[in-house]
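Student: Could we go through this protein together, with the criteria spelled out as we use them?

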Amino acid sequence: MKKPGFLFLGLVLAASLQSLSAQNSENEPCSTPTWLGVRDITYDSAGFVAWEPVHKILRLIAAEDTTTYDWGTATSFAVSGLLPETEYIAEIRAVCAPGDSSDWGATTTFTTEKAPVAPICGIPSQLESQCDSLSAELQWIPGENNIAFNLIYKLEENQTYDTLSTVDSYTALMGLAPGSYKWTVRGLCNNDTSDFAEEVGFDIEQLANQTRQTFGLNCFMQEGRLHILNPGNILIKRVQIFNSIGQCLSTMETQTSLDMQIEFPIQHQVLLVLVLTDRGRVAFKIYAR
């Protein structure tokens, strides 16, 4: 059994050793991190790794610009907002206590990647129109990466445009009043929209001032079929059917001089039928009962 005097002396000695150890610890320099890794480099960001679990400061140097970041105590750290295709020098130091930090060390270099190029959304081109007293058939060449189109048109004296959307590079406008029109179109891409093409025009004339040629063709709907009678046996190259808002419902490429019957089971709509022949274009406005 230990005597009380020896117990007291032991406690005093232990306390003195702990105090000396704490003083020595406080007098030790704050150690500099010895390794810095960089990963996940993109055109505007990078990730960093350092294993020391102390509070760390990161410094990035690019040419004459220097930026400092408070890393904290984590082993990994990410930085965004970097410049593309730029070489950086990265350094870290440790902060062991307020006002007490190590020297800069653990240096590494890296270069950010090239910034991605956004896909081009091209402007449609070669806008063309064919008109009669019934309609205007409009077509254009799609721009690069166009998947759909916005078309706008108006009488020249009007202030506002009418708008039409389509996935085709052609459409037909029906029920137009006589006069001079302006129109243009722009392309729609997956995540972008092109500028409008340069505006062009067309004229709708009064029927009384126009001699409509049908080349002997006749067109009508009967029992779910579109009939095109061709008594003059002229060459029919193409037939297109549009609804009243200009959407193309059907396109048929043909090379026939005979009558045509086209299955088209649609009812209660006004249709525009455009027939392209070797003598010119004919338009029929019919009602599908």
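The questions below move from the whole protein to two of its residues.

Tutor: This is a predicted model, in which local features need pLDDT of at least 70 and side-chain atom pairs count only at pLDDT 80 or more, while totals for chains, interfaces and linings use all residues. Residues are numbered from 1 along each chain as its sequence is written, and side-chain values use heavy atoms, with hydrogens and water left out.

Student: What percentage of the residues of the protein count as buried?

Tutor: Buried means under 20% relative accessible area, exposed means over 50%, and partly exposed lies in between, using a 1.4 Å probe and protein chains only. Of the 289 residues, the share that counts as buried is 37%.

Student: Is Leu138 buried or exposed?

Tutor: Leu138 lies in strand β10, residues 135-141, where strands are DSSP runs of E with at least two residues, numbered from the N terminus. Because its relative accessibility is 0%, Leu138 counts as buried.

Student: How far apart are the C-alpha atoms of Leu138 and Leu151?

Tutor: Leaving out residues up to four places away in sequence, Leu138 touches several residues, including Leu151, where contact means heavy atoms within 4.5 Å. The two residues are 13 apart along the chain, and their C-alpha atoms are separated by 9.7 Å.

Student: Which residues does Asp168 contact, leaving aside its neighbours within four places in sequence?

Tutor: Asp168 sits in the loop between β12 (162-166) and β13 (170-174), and it counts as partly exposed because its relative accessibility is 23%. With those sequence neighbours set aside, Asp168 is in contact with Trp140, Phe149 and Cys248.

How values were computed
Helix = DSSP H or I, 4+ residues; strand = E, 2+ residues; numbered from the N terminus.
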